[in-house]
Amino acid sequence: MHQRCNLACDYCYVYELADQSWRDRPRVISPALWRAAARRIGEHAARHDLPHVRVTLHGGEPLLAGVTTLAQIAADLRAAVPCPVTVGLQTNGTALSAATLAALAEAEISVAVSLDGVGHDKHRRFPSGDGSFRAVSAALSLLCTSSAYAGLLCVIDPSSDPVATYESLIEWQPPAIDFLLPHANWASPPSPGCGAWLASVFDRWYDAPRRETSVRLFEDLMSLLLGGPGRSEQAGLAPVSVAVIETDGSLEQVDALKSAYSGAASTGLSVLTSSLDDLLLHPGMVARQIGPAALAPSCLACPVASVCGAGHYAHRYRPGSGFRHPTVYCEDMFLLIGHIRRRLASSLSVAL
Ligand code: SF4
């Protein structure tokens, strides 16, 4: 929706890592391009008889596009698509006023906020260097009583206290929390300890006397361990079902690939000239439709391959040889999946 942001988070894959394509793109998507995008989504939904489509309005910071624009985009999407469209907004929360929230709720746009918990101000700062937590917490005070509240997105920091982080997030009563591994690859390895960090959060979440919130990564790993489907980009072998449309109309692969190298997400396609089915034929998308056939030999031999699926595609990248590698978080995924497997097996008194 908008290529700029009012924060300068140090781990941001749009501005701080390998890809800098935002510099050459329009600040805001134009009406002609969002209507072309809506027509492409509608065409795809009709051709494949989709029961439902989910669109996330993303940035940069999407609220910088203005709530009137976002509401019009949601209306145009719903008019162009022949099935129900869930429209969500992923925001840093700093510009979320009561009036903005009311307008988003009126437009049936749900709102998810990026919040890192106790360590929030370490990474999520304004360009001045000031932390953004105070501004975000003002927004969350409004959001947590709103029907538009979709949840929180937290990038984990293994140097923070995992249980304190989780507990600082659930203070805001989120319907769901997405924990994301910081983007890294074999050329830019992550800090150690993410697997143990997540295992500690899992225990705190799993052992709560009542279900406090949904944690997508944990629920996905539990589902996959029990033979069910997964929804996460971070685990499993399900075909990818995400396309990104940029402010210049470019059709791209999942934007987290921008963390790997400059142009990693690009396909050369545009909503003006190509369908979403054309995007499915791009080699990067094909590699993410073919399940185990895209895995490295070490993953094919791994006992948790059907659950881990080599992890997030962006985290498999190694310069010179591409993406046919285990995730750089291999040890963390193996530890976390083994931990959840043991906890589930113990709870259910079955071998998993
Ligand atoms: S745990 Fe490691 S070896 Fe096993 S599937 Fe995941 S990335 Fe591959």
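Guide: Let us begin with E108, which sits in the loop between α3 (98-106) and β3 (109-114); helices (H or I, at least four residues) and strands (E, at least two) are DSSP runs, numbered from the N terminus. This is a predicted model, in which local features need pLDDT of at least 70 and side-chain atom pairs count only at pLDDT 80 or more, while totals for chains, interfaces and linings use all residues. Residues are numbered from 1 along each chain as its sequence is written.

Visitor: Why does E108 count as partly exposed?

Guide: A residue is buried if 20 or more other C-beta atoms, placed from the backbone, lie within 10 Å of its own, exposed if 12 or fewer, and partly exposed in between. E108 has 15 C-beta neighbours inside 10 Å, and therefore counts as partly exposed. Q173, in the loop between α6 and β5 (176-180), has 14 such neighbours and so is also partly exposed.

Visitor: What is noted about phi of E108 and of Q173?

Guide: Phi of E108 is near 55 degrees, a positive value in a residue other than glycine, and phi of Q173 is near 50 degrees, again positive in a residue other than glycine. Most residues other than glycine have a negative phi.

Visitor: Why are α6 and α7 called oblique to each other?

Guide: Helix α6 (residues 162-170) and helix α7 (residues 194-206) pack at an angle of about 50 degrees, with their axes 8 Å apart, where axes are lines fitted to C-alpha atoms, for helices over the stretch in contact, and angles run from 0 to 180 degrees between N-to-C directions. Angles under 35 degrees count as roughly parallel, over 145 as roughly antiparallel, 65 to 115 as roughly perpendicular and the rest as oblique; α6 and α7 are therefore oblique.

Visitor: Which residues of α6 and α7 meet?

Guide: P162, V163 and Y166 of α6 meet W197, S200, V201, R204 and W205 of α7, contact being defined by C-beta atoms, placed from the backbone, within 7 Å.

Visitor: How do you know that the radius of gyration agrees with a compact globule?

Guide: The radius is taken over C-alpha atoms, and the globule rule is 2.2 Å times the number of residues to the power 0.38. For 352 residues a compact globule would have a radius near 20 Å, and the chain has 20 Å, so the two agree. Buried residues make up 43% of the 352 residues.

Terms used
Two residues are in contact if their C-beta atoms, placed from the backbone, lie within 7 Å.
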